[in-house]
Amino acid sequence: MRPTKSKLLGILAATFVGQMALQVGAIQDFWKKNYWSGQGFAESLSPDQTLLQLFGFREFLAGILWVRADSFFDEGNYDAVLPIIRLCTILDPKQIDIYATGMWHIAYNFTDEEQRSDRRYIPSALALGKEGSRQNPNTYELFFETGWIWYHKIDDDYHQSIKWFRQAQEREDMLPARRNLLANAFQRNNQVREGLEHYWKLYAETAADYEKQKDIYQLFQQKETLEQNLDTMIVRMVQRGWLAQERGDASQTVYDTTEPFDVGFTARVIVDEPKVIRVQGTWNVLPVGTRIRIIVRDADNPNFTLAAMDWDGQNEVVLDPERDATYLQDQGFVKNRRFNKRIDMSKDPTMYPFSRKSENFLVEFYYNPRSASLHVQDKFGWNGEGMTDKAFLRTDVRKDYEWVPGEKNGKYTDGWKLQERQTPPARIVYTSLKLSRDQILRKGDWIDKTPIVQTSNFDASRFSVTTEDIIDVPTLRSSAPRPGANPEKEQEAIQGAPGTTPR
Amino acid sequence: MRPIMAIATTTVGEAIRRRVLLIILFIGVLLLSIIPSLSVLTARSEQSTMISTMYAVLRGTSALIAIILTIYMIPNEIERRTIYTILSKPVMRWQFLVGKFMGAVLALGLMIVLMSSVMVLLFYIFQQPSPERLLEVARQPFFYFLEMMLLAAVCIFFSTFTTPLVNFFLSIGIWGVGTVLSPLYSSIASNSGASPIMQSVAKFVTGAMPAFSNYDVKNPIINPGQVIENEQKYFIYIVLYAILYSAGLLVAGMVIFDKREV
Amino acid sequence: MAAAIETRKLTKTYKSRLHGLINVVQDLDLTVEEGEIFGFLGPNGAGKTTTIKMLLGIIYPTGGEGFVLGKEIGDMDVHRIISYLPERPYYYEHMTGLEILRFYGALFGIKDEALFNQLLERVNLAADKSKTISQFSKGMQQRIGLAQSLLNDPKLLFLDEPTGGLDPIAHIEIRDLILNFRDEGRTVFISSHELSEVERICDRVAIINKGIIVRQGKLDDLLSGGRIEIIADDVSKEIADQVKGTTDATVSFHDGRLIVDMSDEQDPNSVVDSIRSTKGRIISLTPRRKRLEDLFIETVRDDDASKKKPAAVAAEVGGAQ
């Protein structure tokens, strides 16, 4: 029974077609969907590393690289860490730690001399979070971490952190203690009712769990915390007149927020030295704790907008930010109803290039009561209804948004849609002062002249120096002098250097 | 059928006594057993790294064994003239080829079972997983076995007309490409920038070449929690794929081997 | 009686990049009768193994046709009743003699343990049946080879250089086994260049040189036409030279001893007379049958002289096999 050649060739053709149909029709896409560990090839691997990963040692290699990244990190060699983070995530996109640490590192740890972080990297950090959560859709962590960057680092556009926290919430492994944060995010987005409801929901769940397992002390603790949170929130809702407002009878009683308080904002910018500015201003609120957000940025960069940039602009991770863009964010602490801050951008030319790309730069002042501390909010309300400013209160700086969840795709919600909310707009104190490139670099006409720009209502007399005006700005830095630090100069920075006019 | 089985069992007996293979096997087991101590590399993903690295060692070692075992199979028979005594008996050439292939597959199965047992044992000792988890971890080696069967078919096919040295590099090359075939395809398919022509070429090439990457199903095992629907169906498909593709290669080998002067 | 093997113009041509087409076997016409021991003789590289492989269907002829036991070559049915012992075969070294027999038996579908043991006894390996092949001597390997070739009780055996590389005692053992085969009515086809062995056991021979049969026939016929050997002492150099000059014979002379090997068709008296004329002493005068060795050398030498083929062919052919 010797098979004939034609019969063999027939079988050959049949098996070939059969396997191809299977591969192309059924296997390929299923594999891609379920077993593909993500990226194709990392171009920046060395030959031995390529070989390793080719033979399937991706996770192992990622582990080795991550250890190396850790040592760079310890040495403070942050720039070296960045590509390694990227490589590790390419090699082993299931390593949640690398994503989480990498995001945090990118968003927080590229800093200048004064420990101000380089915010041009934030879109990259968020992109890493997006990718990480796509790769690891079954765990809450990267959803939470991405939400946290919105909530804590960007500290604005709270609808974004709400969306991410809600997605984290859907994952079963979400830590109970971290669930509370969504209620806070709701409040910051002026979704007070949703915040309350979230607390109630958590409370009901925890209480039910506790009923079932009374011997678990942790559950008892959680229940207690939620009770307290609810308690405080309801008290606040009453005291701030929020409930009355919702009922429509706010005018009948006087609440803490009833009479909007005029903060009397004024500001001035003095360019002391090239790239060194002094920012001064008034803020008629006595309690300590108000921080005015100060931004120095290119005036015409299309990626920048009012006191913000397009944080959400990256969908694919790009670890190389726009290097010739300038974007600084700092804050002025209000004490004695004034703020006075010296901002030195001269020592970090890579972070603050003040490149030729821009002719003008803006110094922006931004105060959003939604981000304010609770005791300030007790007067101003969740949305700043208890705050006003004759000159600079604006309601067009931030629009109110909300992410509306779409259908459930399997276990998790999909198809989120961004929607504008029809609610009272955020009441924000905002203004900007323009400086030309020559002014900020003290070039051309400005070599010996000190450029000063100020709001028209600025009252210089309120900045006469008295001893009681010396404020010790609390920082987290060590009190030991830094190498190269000049205490006298720093003292001047707070009080104003001699020779600058007018005083 | 009887001659095929006789040839297959004899081949197994010979394979498990080949010193080169035993040395590779030993090195594989050795590597496996040092992996648990390397797992400190990642604090939290210790289990993932441990499993994936063990899998990589298992896969690499098996592939090397598969290639070395099969490339010499037919040339050795010719060189030692045993093939004459066999072919002068009522044994068709295709029976000889199939017998050799089955012997290789059986031998590979034995060696993979041995290595997997060591792997599972180590995993059990160092991680103390639940029985379900242990079972899950033990699943991937079965698919590596299918992959190695396919690789053995590739080598046997080449050995019907090339020398062992050429065969070695050819097979390693094909395996190398085959293991990255699906990732490559996936990259191209998901790259919106790739032209439609490029995409269909990629589709054809990945459809024609042996896609060893199909058997790399470790992702959900390394990263538990992923829900895969219809996984059983996929498993059936890839078993079928291995059988079809190997059969095709064997038939092609038969066509060539039948005309070959030995 | 039907022919066990019959070939007509069987030809095997290889293509060589260096020498173009090479006829390893050319127009081979061979007839082997059933029940005889047939010697297939030729120098190394003459095409003996190629012929056997063609007859077995392991390689394919490029021309002519051949029949084995009445069936066209390559017919799988024939493989059930023939067997082949290749030149210096190797067996799977990890196996014992018994396992080898079991393995080859399985190829026929034979599972008869009694037969296996009986065969081991027959080739005198019963005592060594638990030894692995790696512990076997060459002779033992050849004997286990013979045992496996008897598994299917073959009607026709192909033995390729069955005594090659064996010591004299092993030679005798193997020879006896082969002679037994004939007594059992089997046809034996022996390819060899060890002529003394073949001469002792073969009924008929064919001599192949450079792919072509140059002689074929019954050994008795081929070797008939006797010779006379004359040995004498005290012969002078002149006489020796004279004998060399007058007779068409092989003459050797050393230290006064003269050995003349001449055809019996010539008159030995004239040689004897010459020796005696100078007081040479005749020691013996023996009539002798022609040796196969002589026939072989004579045949091959004549053939080579007539053809003058390039010497490279032999090496090339050897490589091609």
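**Entry 1: chain A overall.** I noted that this is a predicted model. In chain A I found 16 helices and 17 strands. Of its 503 residues, 50% are buried. I also checked contacts with a separation of 6 or more in chain A, and 71% of them involve residues 24 or more positions apart. The accessible surface of chain A is about 23,700 Å², with 52% of that belonging to carbon and sulfur atoms.

**Entry 2: helix 5 of chain C.** Next I picked helix 5, residues 168-183 of chain C. Its 16 residues reach 23 Å from first C-alpha to last, close to the 22 Å expected. Which of its residues are buried? I listed C:Ala170, C:His171, C:Ile174, C:Arg175, C:Leu177, C:Ile178 and C:Phe181. Looking down the axis of helix 5, I saw these fall within an arc of 160°, so they line one face of the helix. C:Pro168, C:Ile169 and C:Asp183 are exposed on the other side. The cover over the buried residues includes strand 3, helix 3, helix 4, strand 7, strand 8 and helix 6 of chain C. After helix 5 comes C:Gly185, and its phi is positive, near 90°.

**Entry 3: C:Arg143.** I then went to helix 4 of chain C (residues 138-149), where C:Arg143 sits. Is C:Arg143 buried or exposed? Its relative accessibility is 11%, so C:Arg143 counts as buried. Leaving aside neighbours within four places in sequence, I found C:Arg143 in contact with C:Val123, C:Asn124, C:Leu125, C:Glu173 and C:Ile174.

Conventions: Residues are numbered from 1 along each chain as its sequence is written. Chains are lettered from A and ligands numbered from 1 in the order in which they are written. This is a predicted model: local features need pLDDT of at least 70, side-chain atom pairs count only at pLDDT 80 or more; totals for chains, interfaces and linings use all residues. Side-chain values use heavy atoms; hydrogens and water are left out. Helices (H or I, at least four residues) and strands (E, at least two) are DSSP runs, numbered from the N terminus. Buried means under 20% relative accessible area, exposed over 50%, partly exposed in between (1.4 Å probe, protein chains only). Contact means heavy atoms within 4.5 Å. Accessible areas come from the Shrake-Rupley method with a 1.4 Å probe; for residues, only the protein chains shown count as cover. The expected span of a helix is 1.5 Å times one less than its number of residues. The arc is that of the directions from the helix axis to the C-beta atoms.
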